[in-house]
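Take a look at the protein below.

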Amino acid sequence: MRLLLPWALLGSAVFSLADPSANAAQDSQKTVDSAAAPPQHFRNINLVRNINLEKSYARETINVVVENIDSKPQSEYYFPFERGQIKRIGGLEAKDKKQPERTGFTAEIAALDQTSATEYYKITFPAALKPNEQITLSITYVSLQSLDPLPAKIEQSDKQYVRHGFSAYAPSAYTTLKQKTKLKLPTTDVPDAVKLAASLNAEGKEDPQRQGTTFTYGPYGELPAGAVEEVSVRYEFTKPLTHSTRLERDIEVSHWGGNIAFEERHWLTNRAAELKNQFSRVIHQQLQYYNPPTSALKELKFPLAVGSMDPYFTDDIGNVSTSRFRSNAREANLELKPRYPLFGKWNYSFRVGWNADLAKYLRGAGGDKFVLKVPFFEGPKQAEGVAYEKVITRVILPEGSTNVEYTTSLPLVDESVTKHYTFMDTAGRTMLELTALNVVDDQRDIQLVISYDYPFAARFRKPISIFAAVAAVFAITAVVRSLDVSIGRKTKSS
Amino acid sequence: MSALQELWEASASQPFQPTISKDSQFTVGAVLLLLALICTGLFGLNSSFKSLPIYALPASLAFGVGSVYMICAVGVYV
């Protein structure tokens with residue numbers, strides 16, 4: 001703490017410059033906190049939080065009426081998460097609820113204080129909010145690994161219950177005048193939901209209120225910034241908690257072949273409850289007749305783009321034959337069954353790939369310029385959802401392409417343009433590598449648009465290099481055949 | 001909407017068309033490779049400097065382009 005104090009003092013000095021009303025307290029702990037906290041420029045008038053727990057990850061939507069209580073126009077709204085939790089938050093985006101078409105909102109992790117227990121996303125409005133004006137923000141995000149099976153071990157044919165812990169008070173870096181939290185559960189079988197004292201509730205009612213599969217915590221009256229009231233719900237969720245620790249996706253563009261090749265390498269794990277006993281093949285086989293809900297992952301469905309062809313499905317052993325590909329003019333569905341059903345904490349890694357005609361994905365944009373539009377990732381589409389910790393997409397462009405530009409609405413953490421060497425390459429293919437964290441299968445339609453220049457000379461690199469090699473062999477043959485290596489006296493040619 | 005997205009929309013009328021369609025890659029590759037083989041054979045009969053431009057040059061050209069198409073036709077899209 002002693003080491004941190006100078007930074008804390010510096011921080012408080014900066015904030016007091018920005019906001020003369022800020023109280024620069026000098027005692028150590030408080031100073032760290034006040035430096036770490038964002039300036040109190042806003043006030044939440046009314047906040048409604050929806051937590052959707054119908055899938056294997058939590059999707060939260062916070063609709064909040066925000067008022068600028070500062071004397072100057074402000075455009076930076078902070079949104080807090082606990083340290084540790086922020087690493088599992090994905091797809092955070094903000095919108096103007098009343099004008100959904102309004103763009104220009106950005107959300108990024110703010111580096112305020114590396115030692116604080118709270119970290120913030122900074123949401124920047126497209127235009128500053130004037131004093132005393134209001135905006136209705138709609139903040140959405142997904143929280144990965146937020147459901148934990150309880151009990152953690154079950155029998156093979158048991159129902160699974162999962163627990164979701166959260167704060168009954170919505171996370172906020174500002175004073176909130178009125179708020180409530182609504183939970184949408186997939187079932188009415190809810191053995192536990194933490195009850196709060198009716199005195200906390202603004203209307204003095206029983207807390208939470210239950211209506212079918214919906215639970216409502218609140219409404220609550222005025223609460224200071226950072227107020228927390230830990231609660232949890234436990235409900236039936238006899239479905240796999242499919243979690244991908246890593247997804248690598250390669251997209252290879254071939255101008256000569258008129259083909260685009262996709263390959264995805266998946267590392268899956270099922271976060272569901274572990275088996276209490278050994279896996280029993282007999283019970284598993286018996287249950288196949290009834291096909292009851294189970295926490296085991298048995299099938300993966302890949303709805304591919306129409307026109308996809310030549311699919312393959314392999315793992316470390318080799319080809320996996322339990323797959324089906326239904327392809328016609330309207331659909332191209334790849335249905336895979338893993339080599340074994342994935343029970344809780346079991347892992348499976350595999351690769352799938354397919355081809356498609358390039359014409360549907362690539363357009364000429366005049367001259368040597370081309371535009372490519374592909375999905376950032378595809379992966380399985382499951383009713384219960386799939387969460388990805390890390391998605392690495394590599395777009396391998398033809399050899400010699402330059403001036404690569406891209407755009408996608410998915411937030412990225414890393415990007416690079418390097419060279420990739422494969423069959424018949426001399427200079428290496430230009431490869432764009434993009435990394436995204438905390439992605440869910442709902443985002444599988446997000447497109448990646450890439451433009452690149454493919455100069456005329458680069459197009460003939462492959463045949464010309466083969467031509468040169470073969471021509472050299474012919475020339476050497478001609479030279480060798482013209483050499484006179486006979487022994488004996490040379491006969492003079494007259 | 002970003003500039004690249006607009007570029008994509010604007011070039012809707014120019015989908016990429018390969019010189020040789022996927023269906024005819026094998027035919028084109030096979031014909032060119034056969035041509036390369038014949039020319040190589042003729043060059044082999046009289047491998048002098050004089051026959052270099054007559055036989056060796058077309059053979060190398062046919063082999064260069066033909067092998068690229070044949071490799072594509074068998075599924076390795078280079």
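## Cysteines

B:Cys72 is buried, because its relative accessible area is 0%. This comes from a predicted model, as does everything else in this report. B:Cys39 has a relative accessibility of 10%, so B:Cys39 also counts as buried.

How many disulfides does the structure hold over all chains? The count is 0. A disulfide is a covalent bond between the sulfur atoms of two cysteines.

## An enclosed strand

Strand β16 of chain A runs over residues 242-254. Of its 13 residues, 10 are buried, so β16(A) is largely enclosed by the rest of the structure.

β16(A) has a partner in strand β17 of chain A, residues 259-270. The two pair in the antiparallel sense, over 12 bridges. In this pairing, A:Val253 stands opposite A:Ile260 of β17(A). The hairpin of β16(A) and β17(A) has 4 residues between the strands. There, A:Gly258 takes a positive phi near 60°.

β16(A) also pairs with β26(A). In which sense do β16(A) and β26(A) pair, parallel or antiparallel? They pair in the parallel sense, over 8 bridges. A:Glu252 stands opposite A:Ile396 in β26(A). In a regular strand the side chains alternate between the two faces of the sheet.

## The largest pocket

Rolling a probe the size of a water molecule over the atoms shows where empty space is left. In this model, the largest pocket holds about 1,400 Å³ of space. Its lining has 48 residues. Nearest the centre of the pocket lie A:Gly91, A:Leu92, A:Ser409, A:Leu410 and A:Pro411.

Several strands of chain A each supply at least two lining residues, among them β5 (106-110), β7 (134-143) and β29 (429-440). Which strand gives the largest share of the pocket lining? β4(A) does, with 7 residues. Sorted by class, the lining has 21 nonpolar, 16 polar and 11 charged residues.

Why does the largest pocket lie between two domains? Domain 2 (42-236) and domain 3 (242-458) of chain A both give residues to the lining, so the pocket lies between them.

## The cavities

A search of the whole structure finds 3 cavities of 30 Å³ or more. The largest cavity has a volume of about 80 Å³. It is lined by 13 residues. A:Trp256, A:Pro398, A:Tyr454, A:Lys462 and B:Val78 lie nearest the centre of this cavity.

Which elements of chain A each supply at least two residues of the lining of the largest cavity? They are β16, β26, α4 (456-459) and α5 (461-482). By class, the cavity lining has 6 nonpolar, 2 polar and 5 charged residues.

## Buried and exposed

Is A:Leu47 buried or exposed? A:Leu47 has 2% relative accessibility, so A:Leu47 counts as buried. A:Leu47 is found in strand β1 of chain A, residues 42-52. Now pair A:Leu47 with A:Lys130, 83 residues apart along the chain. Their C-alpha atoms are separated by 20 Å.

A:Ala111 is found in the loop between β5 and β6 (118-129) of chain A. At 64% relative accessibility, A:Ala111 counts as exposed. A:Ala111 and A:Tyr121 are 10 residues apart along the chain, and their C-alpha atoms are separated by 8.8 Å.

Most residues other than glycine have a negative phi, and most peptide bonds are trans.

A cis peptide bond joins A:Leu150 and A:Pro151, with omega at about 5°. A:Pro151 lies in the loop between β8 (147-149) and β9 (153-154) of chain A. A cis peptide bond also joins A:Gly218 and A:Pro219, and here omega is about 5°. A:Pro219 is found in strand β14 of chain A, residues 214-220.

A:Gln145 is not a glycine, yet its phi is positive, near 55°. A:Gln145 sits in the loop between β7 and β8 of chain A. Its relative accessibility is 28%, so A:Gln145 counts as partly exposed. A:Asn403 has a positive phi of about 55° and is not a glycine either. The place of A:Asn403 is in strand β27 of chain A. A:Asn403 is partly exposed, with a relative accessible area of 43%.

Conventions. Residues are numbered from 1 along each chain as its sequence is written. Chains are lettered from A and ligands numbered from 1 in the order in which they are written. This is a predicted model: local features need pLDDT of at least 70, side-chain atom pairs count only at pLDDT 80 or more; totals for chains, interfaces and linings use all residues. Side-chain values use heavy atoms; hydrogens and water are left out. On a 1 Å grid over the protein atoms alone, a cavity is a set of points where a 1.4 Å probe fits but cannot get out, and a pocket is an open set with protein on both sides within 12 Å along at least five of seven lines; lining residues have an atom within 4 Å of a point. Grid points are joined across faces, edges and corners, and a volume is the space filled by probe spheres set on the points. Ala, Val, Leu, Ile, Met, Phe, Trp, Tyr, Cys and Pro count as nonpolar, Asp, Glu, Lys and Arg as charged, and the others, Gly among them, as polar. Domain bounds come from an automatic or database domain assignment. A disulfide is a pair of cysteine sulfur atoms within 2.5 Å. Buried means under 20% relative accessible area, exposed over 50%, partly exposed in between (1.4 Å probe, protein chains only). Two strands pair if DSSP finds at least two bridges between them.
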